[in-house]
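Subject: Structure for your files

Hello,

Here is the structure I said I would pass on. My notes on it follow below.

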Amino acid sequence: MRRDLLDLPVLLLGAASALVDGINERVRAGGFTDLRPAHGFAFVRLAPDGATVVELAEHLGVTKQAASQMADELVRKGYVERRPHPSDARARLLTLTERGWACTRAADEAAIAVLQPWADALGPAQLSAVRTALSRLAVPGRIRPTW
């Protein structure tokens, strides 16, 4: 049996969980205690130019209804606002408020804090090799927050 292959999912998912948990802990410590990691995945799609509920749902891999409920929650909490869509009169554009941008900056700082020890442990050459390998394997597009 190919244990060298079968342990890859555990290692990749473990690293992803450690990253998300570390970012979440630091974001919460920064005062954004009313959010969960799935909100951060939404913020990624809403920055920098906003998105419709349909685009958000596609990005998160959820139904339009689930994305709409998340948008309502984020609007209610002051992280997101609805604006008229610049090119579609029927649609509304979800954009980050200043509070949403502040949280995004806190998440970026948290990500660096979590990833820096990884970079230090790997060193520049291995870090570059890991990045190159993962970029060949990862499919660009939606990121489904399943945890």
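The buried residues of helix 2 are covered by elements that include helix 1, helix 3, helix 4, strand 1, strand 2 and helix 5. Those buried residues are Ala 38, His 39, Phe 41, Ala 42, Phe 43 and Leu 46. Buried here means under 20% relative accessible area, exposed means over 50%, and partly exposed lies in between, with a 1.4 Å probe and protein chains only. Helices (H or I, at least four residues) and strands (E, at least two) are DSSP runs numbered from the N terminus. Contact means heavy atoms within 4.5 Å.

This is a predicted model, in which local features need pLDDT of at least 70 and side-chain atom pairs count only at pLDDT 80 or more, while totals for chains, interfaces and linings use all residues. Residues are numbered from 1 along each chain as its sequence is written, and side-chain values use heavy atoms, with hydrogens and water left out.

Overall picture

The protein chain has 5 helices and 2 strands, in the order α-α-α-α-β-β-α along the sequence. The C-alpha trace spans about 55 × 35 × 25 Å along its principal axes. Of the 147 residues, 30% count as buried. Taking contacts between residues at least 6 apart in sequence, 55% join residues at least 24 apart.

Helix packing

Axes are lines fitted to C-alpha atoms, for helices over the stretch in contact, and angles run from 0 to 180 degrees between N-to-C directions. Angles under 35 degrees count as roughly parallel, over 145 as roughly antiparallel, 65 to 115 as roughly perpendicular, and the rest as oblique. A crossing is left-handed if the near helix is turned anticlockwise from the far one by less than a right angle, and right-handed if clockwise.

Helix 2 packs on helix 3 at an angle of about 120 degrees, with the axes 10 Å apart. The two are therefore oblique to each other, and helix 2 passes helix 3 in a right-handed crossing. On the helix 2 side the contact is made by Ala 38, Phe 41, Ala 42, Val 44 and Arg 45, and on the helix 3 side by Glu 55, Leu 56, His 59 and Leu 60.

The axes of helix 3 and helix 4 come within 8 Å and cross at roughly 110 degrees, so this pair is roughly perpendicular. Helix 3 contributes Val 53, Val 54, Leu 56, Ala 57 and Leu 60 to the contact, and helix 4 contributes Lys 64, Ala 67, Ser 68, Met 70 and Ala 71.

Helix 1 (residues 3–29) and helix 5 (residues 98–137) pack at about 150 degrees, with their axes 6 Å apart. That angle makes them roughly antiparallel, and their crossing is right-handed. Residues in this contact include Leu 12, Ala 15, Ala 18 and Leu 19 of helix 1, and Ala 106, Ala 107, Ala 110 and Trp 118 of helix 5.

Helix 4

Helix 4 (residues 64–76) has 13 residues, which at 1.5 Å a residue should span 18 Å, and its end C-alpha atoms are 18 Å apart, in agreement. The expected span is 1.5 Å times one less than the number of residues.

Ala 67, Met 70, Ala 71, Glu 73 and Leu 74 of helix 4 are buried. Seen down the axis, the buried residues fall within an arc of 160 degrees, so they line one face of the helix; the arc is that of the directions from the helix axis to the C-beta atoms. Lys 64, Gln 65 and Arg 76, on the other side, are exposed. Cover for the buried residues of helix 4 includes helix 2 (37–46), helix 3 (53–60), strand 1 (80–84) and strand 2 (92–96).

Val 75, also in helix 4, is partly exposed, with a relative accessible area of 29%. Apart from neighbours within four places in sequence, Val 75 is in contact with Val 80, Glu 81 and Arg 82.

Backbone details

Most residues other than glycine have a negative phi, and most peptide bonds are trans. Gly 78, which follows helix 4, has a positive phi, near 90 degrees. The peptide bond from Ala 47 to Pro 48 is cis, with omega near 0 degrees. Pro 48 is in the loop between helix 2 and helix 3.

Regards
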